[in-house]
Structures are given as C-alpha cells and as structure tokens.
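Okay, thanks for making time, everyone. Let me put the structure up and then walk you through a few spots.

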Amino acid sequence: MRMKTSLQPGSPRRSVVCYSNVVLVLAAVHVQSPSLCGAAPAETEVKVVLAPAPAPTNPLYVGNRAPLLPSPFMQLPIGSITPKGWVRHQLELETQGMTGHLQEISPWCKFAGNAWADPEGKGNNGWEELPYWLKGYGDLGYVLGDEEIIKSARKWIDAVLASQEADGWFGPRGLKTGLKGTPDLWPHMVMCNVLQSFYDYSHDERVLPFLTRYFKWMSALPDKDFGAGYWPRIRFGDNIETLYWLYNRTGETWLLDLAKRIHENMQDWTTGVHDWHNVNMSQGFREPGVYYQQAKEARFLQAAENNYETIMGLYGQFPGGGFAGDENCRPGHTDPRQGFETCGIVEYMHSFEMLLKISGNPLWADRCEDIALNSFPAALTPDEKGLHYLTCANQVQLDKNNKSPAIQNGGTMFSYSPYEVYRCCQHNVSHGWPYYAEELWLATPDLGLCASLYAASEVSAKVGEGAQVKIAEETDYPFGDTVTLKLSAAQPVKFPLYLRIPRWCADASASINGQSVPFATKPLSYVVLEREWKDGDTVSLRLPMQVSVKTWEKNHDAVSVNYGPLTFSLKIGERWQRYGGTANWPEFEVFPTTPWNYGLVLDEQKPASSFKVAKVGNGPLPEQPFTPATAPIELQAEAKRIPAWTQDSQGLVGKLQASPVKSDQPTETVTLIPMGAARLRITAFPVIGQGNDAKVWKAEN
Ligand SMILES: [Zn+2]
C-alpha cells in the first residue's frame with residue numbers, strides 16, 4: 001500500500017484551501033442528554049468544514065483589522081492555555097535544562113557588557129543570539145507562569161526598552177551601520193518577537209509606542225535597504241508579521257505601507273525558492289502567505305504552499321517532516337542520512353503555526369505535529385540539557401567527529417552539547433515548545449474555540465457574547481487516540497467547538513455526554529459542534545490510529561511506518577559516552593550497541609499488516625515519553641540484516657540503495673519505537689525482496 005499524500009512524487013499539486021470554505025456535511029441532530037441526569041434535551045448542530053467560514057474577525061480577541069483579511073483563527077492571549085501532560089513536562093525540562101540556564105552557559109547571554117543590555121547599545125555580543133534565546137525564554141515563563149523566569153526575562157526586556165534613541169533605533173548601536181554603513185536589520189526582527197509576546201502577556205504600555213517609533217525610523221529608510229544583507233533580505237517576512245501585529249493593535253495605516261515596501265524590495269518568495277539555506281527556507285518560505293493577508297489574492301497563499309512543496313519534493317523525501325539541509329540543500333544530497341538543523345525544526349514549526357492561523361487550513365497543523373512529534377524531541381537530549389545541530393531520519397551514531405563533505409558543514413554536528421559549538425540552535429531552540437503550547441487552542445471567527453494541536457491542557461477563554469468558559473482537555477495524544485473535553489461555565493452559553501480531524505484519520509467519532517454525535521469523517525477537516533453548552537458537558541473524541549506504510553519513490557523505494565501521527569524508527573541500543581563539558585552540563589556522544597542494518601520483510605499485498613502493535617501503554621503516560629525506555633507504543637516487524645550496508649569511514653550510515661534488496665540472513669523480529677524517542681535510528685528502511693526483482697546491496701566501504 002502506498003499512502004497518497006501531497007508529498008507523493010509526481011502527484012498533482014495540491015491546491016490550497018483558501019479562506020473560502022466549503023461546508024461538507026451539515027446535519028442538525030438532536031442529542032438527548034441522558035435522562036438519568038434530568039437535563040433538558042439540547043440541540044447540537046454538527047458540521048464538517050475544511051476551514052472556518054469567512055467572517056469578520058472575532059471581536060473578543062485581537063485579530064486582523066481591516067483592510068487586512070479577517071483572521072480564520074486567532075491566538076488566545078498568552079496564559080489562556082495551561083499545558084499539561086507531556087507537553088508541560090517538555091517545558092519543565094526546558095526550564096531545568098539548557099534554555100532555563102543559558103545565562104550561566106552562553107557568553108552571548110551574559111548581562112554585563114552585553115550590547116542588548118546597555119542603555120546606549122554599547123558593548124559586545126549584539127547580534128542574533130540573545131534575541132533568539134529571549135524569544136523562547138520569555139514565553140517559557142509566561143506559558144508556565146514561572147515567576148523566576150518572567151523576572152529574569154524582564155531584566156533584559158526592560159534594558160532593551162530603555163535603549164531607544166530619539167530617532168527610534170534601539171539596542172546595539174553597532175548594528176545600525178552593521179552592513180558596510182547601512183543597518184543590519186535581522187537581529188531586531190527576532191527582538192520584535194520578544195516584545196510582541198511580552199506585550200501580549202503584560203500589556204506593558206511602553207511596548208506599542210516603542211515599536212511604533214522603531215518602525216517610523218525604518219520607514220525613513222530607502223527601499224534598497226530592505227533588499228540589503230543576506231539574512232535580512234531573505235527573512236524580512238518576519239518584520240511583516242510584526243507590522244501586522246502592531247497595526248492590529250494601533251490601527252496606524254502607514255505600518256501597512258511599510259509592510260508593502262518591505263515585501264516589494266526583499267527577496268522575492270512569490271516566484272519560487274531562490275535560496276537553499278535550511279533556516280532561510282524554514283522561515284522564508286511562508287512570506288507570501290503572511291503578505292497574503294494584505295494582498296488578499298489567493299496566489300500569495302498558494303506561493304507559500306508551492307515553496308513548501310518545492311522544498312519537500314526535492315529534499316524532504318524521507319520521514320520526520322524535515323528536509324535534507326545540513327546547512328544548505330545540495331543537489332545529490334537527498335538521502336535520509338542528510339541532516340536538518342535544529343533552528344530549521346523550530347522555525348518550520350513556527351511557520352506552520354502562523355500559516356494555520358492565516359489560512360485556516362488544518363494541513364498546517366498536521367505538518368506542525370509531524371515535525372514537532374517526530375523530529376524535535378530527538379534533537380535534544382531526554383533531559384533537554386543538550387542538543388545537536390543536525391537531526392537525520394537515518395542516523396545510527398552521534399559522534400563528535402567531522403562528517404564533511406558528506407554532511408556539508410565540517411566539525412562537530414551530531415553529538416549532544418549545551419555549548420556554543422551549535423551557537424545558533426543553542427539559543428534559537430528556546431521557542432519550539434513554548435510556541436507549540438500557545439497554539440494548542442485557537443479562537444474562531446464565529447466566537448468559538450478550536451482544539452487545534454491535541455495535548456492535555458486547560459483553556460480559559462471568552463466565547464459567544466463574551467462569556468468565560470474553561471475546557472479541560474484530557475488525552476495521551478499522540479500516544480492515545482481519545483481526547484476528552486470537559487466544559488466549565490457559570491451559565492449555559494452557545495458557541496461552536498471545532499475539533500481538528502488529522503489527515504491520517506479516516507474514522508473519527510465523537511460523543512457528547514455519552515451520546516454519539518453522527519458525522520462523516522473527512523480527513524483534514526474540522527468537526528464543528530455548536531450548541532448551548534452547559535457546565536459539566538463532556539465531549540469525547542476518538543481518532544483511531546492505524547499502521548500505515550509510506551513508500552519513498554525518490555529515495556530508492558525505501559519505506560517508513562506510521563501509527564497515527566507518529567513515525568516509527570528501529571529501536572537501537574544506545575551507549576552514551578561523555579566527552580566534554582562539566583558534570584552538570586556534559587557533552588555526549590551516542591554509539592549503537594545493537595545492529596541497525598535491517599531491511600523490512602513486508603507483506604507485498606498488505607504492507608501495513610506486517611506490523612504488530614506490540615505495546616500500548618496502559619498506565620499513566622510517562623512524564624518524558626520520548627526515550628527508548630519510556631516509549632509508550634512499540635511496533636514489531638520482521639526484518640533481515642543487509643551485511644553490506646555499513647557505516648562509512650566517518651561513522652555515517654551508508655546511503656540507501658534500491659529496494660527490494662536480497663538478503664540471505666535469517667528473519668528476525670525487530671522493535672520499532674516512536675522516531676522522537678529514538679536518538680539513534682533507522683526510519684527510512686530498505687525492503688527485503690524474495691523475487692527476481694530483488695537487488696544485491698553493493699558494499700561501498
Ligand atoms: Zn541553528
């Protein structure tokens with residue numbers, strides 16, 4: 001079986017679901033509350049939609065203001081969502097780990113002498129590192145309600161806010177002439193994100209005038225400055241997003257004029273991908289989608305989709321949601337052993353979260369889950385006290401030694417470290433989980449709420465005519481298929497509740513207070529339940545997970561295995577060996593202790609039937625499910641070793657060769673674990689063949 005997805009090579013290009021939505025099924029059903037409870041019958045309207053219907057922006061929250069397109073989804077104020085379960089634990093680990101302690105570890109985060117902390121912008125380390133870290137560090141405090149972090153972030157933010165010149169420039173003065181006399185505007189783009197979150201959390205009255213003065217200064221720049229400098233020219237879409245954020249809060253229309261000038265003079269992302277640096281692509285590809293809110297022509301949103309499909313079609317032909325960009329994408333380097341930078345992972349997540357809210361299209365939520373659940377956890381050590389630069393779908397050894405030129409960058413790229421060897425990722429990784437936690441729930445234009453990225457949580461938000469409700473979400477997702485939502489409300493209140501149906505789910509079901517709600521499952525849609533909700537109402541959603549097998553034609557017909565949103569990797573024994581750092585902040589290499597060179601033996605007719613779901617956790621979910629020892633789900637499969645498939649002289653896993661592959665080795669039963677739990681892994685597997693078409697694997701070393 002070959003799963004059809006939009007990434008399938010040669011498949012027709014998927015057109016974007018624009019913000020002009022189709023109601024697929026409309027069924028008004030009467031759901032009788034169980035009579036034992038004595039509750040009155042309640043009418044529930046059930047709809048299946050591809051995106052929220054066009055409507056003015058929800059006035060309960062700050063969304064797009066005219067003439068920008070109305071917002072299909074809006075972020076809830078920071079602090080509205082209390083993450084629980086495994087997501088909360090990732091954030092707690094982040095607090096105890098590298099991000100929470102980076103001021104002790106990174107020279108770029110030392111307050112004394114830092115150009116970002118000086119009232120006159122004098123000093124050192126005034127580039128992207130400090131804003132990269134602060135961007136996630138502040139949100140980590142806000143989303144956890146961690147007063148110590150909030151206070152510590154505030155010290156930096158106060159210093160930045162106190163550094164503004166009369167003309168509007170702020171922060172490091174060196175950047176003002178950083179590009180041969182003209183300004184280097186890239187690090188400020190990141191600092192704007194820091195201030196946006198700080199304002200959304202605190203409503204501090206300094207922020208809006210401060211950013212307004214900065215953009216006033218920027219609006220006096222000549223057009224050519226928006227096309228200057230490698231990083232700013234490509235990443236200027238970040239500033240366009242900030243300009244819309246500010247416009248929505250102040251209504252000053254000249255901000256939109258500035259956004260238009262930036263769009264017209266920066267790197268053109270509307271005509272395809274013209275730069276192949278992995279982080280540039282991960283954040284730059286979305287720019288036409290962001291500008292679509294102002295341009296209001298579907299071709300802009302389509303351009304972001306086209307960029308994504310170009311990148312993934314050429315370089316993302318393996319599981320995990322990332323692509324082969326071990327600094328830059330390079331023709332001929334498309335094997336799953338190529339790496340994806342941790343900066344790219346978190347920027348991709350941020351881009352997908354943004355495009356989901358702009359388009360309403362649930363495909364972006366699926367893409368976000370794909371990379372967040374399958375690639376991101378393994379980019380970090382299980383205790384989040386270290387990370388590596390490159391995460392690969394096939395990666396069997398994480399040593400510290402050079403892998404260039406097979407991997408583009410020379411030097412240490414694979415082993416785990418909290419230090420500046422991975423300087424950009426070391427700081428930028430901070431916003432991955434906090435931003436994810438802020439997107440679990442979204443506000444909808446019809447005054448309702450959407451359960452978007454499923455995870456245990458509690459949301460407190462305004463709905464309907466402004467009534468405050470709370471919804472407690474209990475789930476082990478993605479390690480369990482049931483999501484239970486329990487509502488608390490002082491008074492009955494009518495509003496629509498959107499439940500996302502992922503692309504892999506063909507047979508969802510839901511009930512309200514134990515009574516089934518009929519609807520026809522449509523993958524990549526929302527089921528909308530609208531009724532007068534009462535205190536104690538409970539919605540149960542089931543998203544049954546199945547094993548599926550995907551064939552990667554562009555990577556020698558290798559296969560990968562999914563179970564619901566999770567991709568699975570071969571479980572490989574790990575030997576962790578410390579090679580540097582301190583007792584508290586160690587650096588680790590990880591070596592395999594068990595064989596990894598397996599091809600899968602599959603049932604040709606029904607490949608998915610070749611896998612047995614061998615373990616599904618029954619007890620409480622482990623706090624950190626992303627380790628081999630605690631992985632809540634395991635699959636078993638039949639496999640044979642391929643002796644000629646070896647590591648090369650640099651320790652890198654050999655490249656895939658054409659499947660099916662001959663093997664005279666005995667059949668063994670192997671265990672697969674979630675990819676995010678496998679720090680050593682084979683995820684794109686060769687297939688063992690028995691027939692005449694089976695090929696001999698050529699020894700390369
Ligand atoms: Zn990086």
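**The zinc site**

So, the zinc ion here is held by four side chains: Glu341 through OE, and Cys343, Cys424 and Cys425 through SG, at 2.0 to 2.3 Å. Donors, by the way, are N, O and S atoms within 2.8 Å of the metal, or 3.2 Å for Na, K and Ca, and water is not among the atoms, so sites may look incomplete.

Before I go on: this is a predicted model, where local features need pLDDT of at least 70 and side-chain atom pairs pLDDT 80 or more, while totals for chains, interfaces and linings use all residues. Residues are numbered from 1 along each chain as its sequence is written, and side-chain values use heavy atoms, with hydrogens and water left out.

Along the sequence, the donor spacing reads E-x1-C-x80-C-C. Glutamate 341 sits in strand E5 (residues 340-341) and cysteine 425 in helix H16 (residues 423-428), so this pair ties together parts 84 residues apart in sequence. Those are DSSP runs, numbered from the N terminus: helices are H or I with at least four residues, strands E with at least two. Both glutamate 341 and cysteine 425 are buried, meaning under 20% relative accessible area; exposed is over 50%, partly exposed in between (1.4 Å probe, protein chains only).

What about disulfides? There are 0, taking a disulfide as two cysteine sulfurs within 2.5 Å.
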